[in-house]
Amino acid sequence: MTPTAKRDLLPGMLDMLILKTLSIQSMHGYGIAQQLLRLSKDVIRVEEGSLYPALQRMRQKGWVKAEWRRTPNNQRARYYLITDQGRRQLGEQEDGFAVLMAAVRRIMRPV
Amino acid sequence: MREWIARVLDWFRRDQLDRELAEELRFHRQQLERDAAAEGADAAEVPFIAGRRLGNVTSVREAARERWSIPSLDQFHQDVRQALRGFRRSPGFTVTIIITLGLGIGANAAMFDVVDRLMFRPLAYLRDPEAVHRIYWRWLEGGSVITSMSTQYARYLDLRKWTTSFSQLAGFSERDLSVGEGEASRERRVGVVSASFFDFFDARPALGRFFVAADDVTPRGADVAVLSHAFWQSEFGGRDVRGKLLQVGNVRATIIGVTPDGFNGVNDANPPALYIPITTFAGSTGTGDAKTYFTRYQWGWMHIMVRRKPGVMLEQAEADASQAFRRSWEAARPDNPGYQLLESAKPHVAVSSLRPGAGPDPSLEARTALWVTAVAAIVLLVACANVANLFLARALRRQRESAIRLALGVSRGRLTMQSVTESLLLALIGAAAALLVAQWAGAAIRGMLITTPAAPVQVFTSWRTLGVTVGLAIATGVVVGLVPSLLQGRGDLARTLRGGVRGGMSEGARLRASLLVAQATLSVVLLVGAALFVRSLEAVKAMPMGYDADRVLLVNRIIRGTVFDDSAQHSMRRLLLATAQSLPGVESAAWVSSAPFVSTSNTNLFVSGIDSVGRLGTFTYQATTADYFRTMGTRILRGRGLMPDDRAGAPNVAVVSESMAKVLWAGRDAIGQCFRMRSDTMPCTTVVGIAEDMVQRDIGGTQRYHYYVSIDQYTRTWGNGMVLRLRGDPVLEGENVRKALQRVMPGASYVTVQPLGGIVQDARRSWRLGATMFVAFGVLALVVAAVGLYGVIGYSVTQRMHELGVRVALGAQRSDILRLVVGQGVRLTLAGTSLGVLAAGFASRWIQPLLFRQSATDPLVYGGVGATMIIVSLAASALPAFRAAKADPNTALRVE
């Protein structure tokens, strides 16, 4: 298994990962992608074609807000911030994910 | 839900979002380039590495853009832009349609506003309006049902005592009383209401309190007043007026409260300026009635409103009120010997709308307004037919274009949506024009309908009228837009494409022809109505009134602050009469107890040999002085008029109207006959003269039973005012007369003057309104229909130019071509006219009651309208026909 191989994320999981990332720190799209790559040790490489539509969808759902800010290098970039509603959503998704993972593990346990 | 709101909001700023996304992606790319450079890539390679890592930017954009695009909204937006472009390309077409729809919708919006105010709009603050009603008293008299809202206070008490269906009852009346003192006093509309009146409303006083039961007691209530918000603002500037004294009629009232803003009681057309308790008013009138109004049934002057108990059906409530009315009828008999027996009078009660316009006996104004509404609806139909026709013509012109688009794969639904969007847009612009029309026409119509100074028309702020206007516009737009697409939806595509413009015409032509026939039909109905109403109005004007009102001035004197005994009244009367007669502008003057269309006086009559005079009809009297007949211009047919010598102590005499003489003393000479007034023990009043019939109140009525007695001999009335015949115009001279008379009035008393001509004009207003409206709408419909006919014939001539050319080549003469084309137009019109005549004949039975001595099936009217239609259709098709006659055979043949 090569570390850069494309991994399909389960539906909804990308949202959860983005929310989790934003819950730690507000970030721009590039930052989110880099952060996911770094934390997953190069396993999760989010394509821009999924990232930006996902961000727009979440903005319309009211989970994140977007703001234009200056980066430390004084460049203009669109930062995404998690909203209260987004935090609630993240909590729900995390709970659901834990239940799901436990179930998957039970199935995958060596017999 | 929230997501969709966000999407729609995003849709409106989609361009900005697009730009932001592009910038965001540029930033992302820059970061990737920086990363690549940091990793040590060759400077020339950097953009490519970044580009590879970023992937397909266009597809990112597309995917993100989907989040803020809503396909149906995009399409709609596109349709709107295309429609607007189309409007700019053919401004004539666009303006014609907007004006046609504006007039059609505007007429309807104006009439809705009028009818809504007269009949339906819920009264402000009224709690649970469905359960609140007005009481209408009904009984049989001379074979017809009499409906009256007025009743006696004693009957109000009976209704309260003897019914169980109502949780609330209130008595009310509106009187024009003088309010204020001295020079500052003015006539104001005063609501005279029982304490329970305000409990019908969810209204909290803006200041102080409303009446309580202790304020409203017989024989006389407390001297207190509640001001309306408007009166409080205009007269007291909104200051704290509690405890202030205010002269209201004969009452010196303490102000205890103010109604909230917008409270109009039960009359929002002409709301009272202030309110006093009903028993306060009745107990202070200064006449004998003040002591007996709550025990005897002689003074019918007030209305009753009720609230049904929950769960009580309307029928139950009516039955309950009717049994109370029957008991009350019996109880009233000692006071009213003229009352008929229960079995023949069959008294019963209608518990109906609080607005009299929607009650069992709507006024002629309300009925006429409903008719005019129907007329307005017809105008809208004609306008719709015309606009549909114009759209259709254009759809036919564009048929090839549509066929090409269909062949290219555009769905028919999409084409329909486009055409509906276009017509909807036009209809909505038309609706804006309609509101202007309604604002203007509404004021004009209400000016004709309602004479009292009413609240100004404000269609722009009336949500009900706005809603109806927009609703009508949308319905019109959809209907008009769907018609051409009916045509596009059918037909063989391939044939249309092959045949070019000349192919596939016949079905469109049929549809257009039937629209034309429909227009002609509706126009005929309106024109027949117009002609009937105009002739009816002429009949009203030509009808002898029995007096010549043109130069007559009505003087009303209002006594204030002084209590007159009989002799003071007499000297006051003589003084005013002498003053009036001495004025140079006054030709003659007489003192009167009543005036046409203003007030009537009647009392019981007894004639030997006649069982019950009351059963023959209503006999009204005028107590007056010697110069009355000369002043009013009423002719004495036989015998003599009243003389100055007919004074108290002399034998009682009377002059009777011709009709009255005939009905009471049929076949005998009325002169010298005797009748007794009020009771059969009174002395004889001898008939000394016969006057021509006169119209006292009801122009359309058939009974003209009226008599004249000397005011000095009939002391029950002091008279209320004078009639003066002026040498000049009463409108101009009136003020001088008023000033001169005011100088001799004692104390705070004052006089008001009114030209009788204006009052008579007002009495004819419903006929005038009917005539004006029908003529205006009828001519409008005719013009619209003629333009439609002209358009259709002209269009068909253009289409048939080739065929006509061939005909000429084969030897057809100019006259043949003319006959062919004009014949087509006239045939359509004739078909429409025949249908219209049938429809108008069918509707005649409903319109008959609104007409005055004019048959609704007058053949002259129908014939005239038919002739008009044919002339108009000849004119409308003549122009295209002359063009057709110039058809050139060479052009036609060369095409083949």
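**Figure 1. Strand E20(B) and its partner strands.** Val653(B) has Thr686(B) as its bridge partner in E20(B). Strands (E, at least two residues) and helices (H or I, at least four) are DSSP runs, numbered from the N terminus. The model shown here is predicted: local features need pLDDT of at least 70, side-chain atom pairs count only at pLDDT 80 or more, and totals for chains, interfaces and linings use all residues. Residues are numbered from 1 along each chain as its sequence is written, and chains are lettered from A and ligands numbered from 1 in the order in which they are written.

Strand E18 (residues 653–657) of chain B pairs with E20(B) in the parallel sense over five bridges; two strands pair if DSSP finds at least two bridges between them. Strand E19 (residues 674–677) of chain B pairs with E20(B) in the antiparallel sense over two bridges, and Cys674(B) has Thr686(B) as its bridge partner. A residue is buried if 20 or more other C-beta atoms lie within 10 Å of its own, exposed if 12 or fewer, and partly exposed in between, with C-beta atoms placed from the backbone.

**Figure 2. Helices H13(B) and H24(B).** The axes of helix H13 (residues 364–397) and helix H24 (residues 765–809) of chain B come within 10 Å and cross at roughly 10°. Axes are lines fitted to C-alpha atoms, for helices over the stretch in contact, and angles run from 0 to 180 degrees between N-to-C directions. H13(B) and H24(B) are therefore roughly parallel to each other, a label for angles under 35 degrees. The contact of H13(B) with H24(B) has 22 nonpolar, seven polar and one charged residues. Ala, Val, Leu, Ile, Met, Phe, Trp, Tyr, Cys and Pro count as nonpolar, Asp, Glu, Lys and Arg as charged, and the others, Gly among them, as polar.

**Figure 3. The largest nonpolar core.** This core has 104 residues, and Val375(B), Val379(B), Leu526(B), Val528(B) and Ala781(B) have the most contacts inside it. A nonpolar core is a set of buried Ala, Val, Leu, Ile, Met, Phe, Trp, Tyr and Cys residues joined through C-beta atoms within 7 Å. H13(B) gives the largest share, 20 residues. Beyond its neighbours within four places in sequence, Val379(B) is in contact with Gly104(B), Ala107(B), Phe777(B), Leu780(B) and Ala781(B); contact requires C-beta atoms, placed from the backbone, to lie within 7 Å.

**Figure 4. The surroundings of Phe294(B).** Phe294(B) is in the loop between helix H10 (289–292) and strand E10 (303–308) of chain B. It counts as partly exposed because it has 18 C-beta neighbours inside 10 Å. The C-alpha atoms of Phe294(B) and Arg155(B) are separated by 8.3 Å, although the two residues are 139 residues apart along the chain.

**Figure 5. Where chain B touches chain A.** On chain B, 19 residues are in contact with 16 residues of chain A. H2(B) supplies the largest share of the side of chain B that touches chain A, six residues. By class, that side has seven nonpolar, five polar and seven charged residues.

Technical notes: Two residues are in contact if their C-beta atoms, placed from the backbone, lie within 7 Å. Angles under 35 degrees count as roughly parallel, over 145 as roughly antiparallel, 65 to 115 as roughly perpendicular and the rest as oblique.
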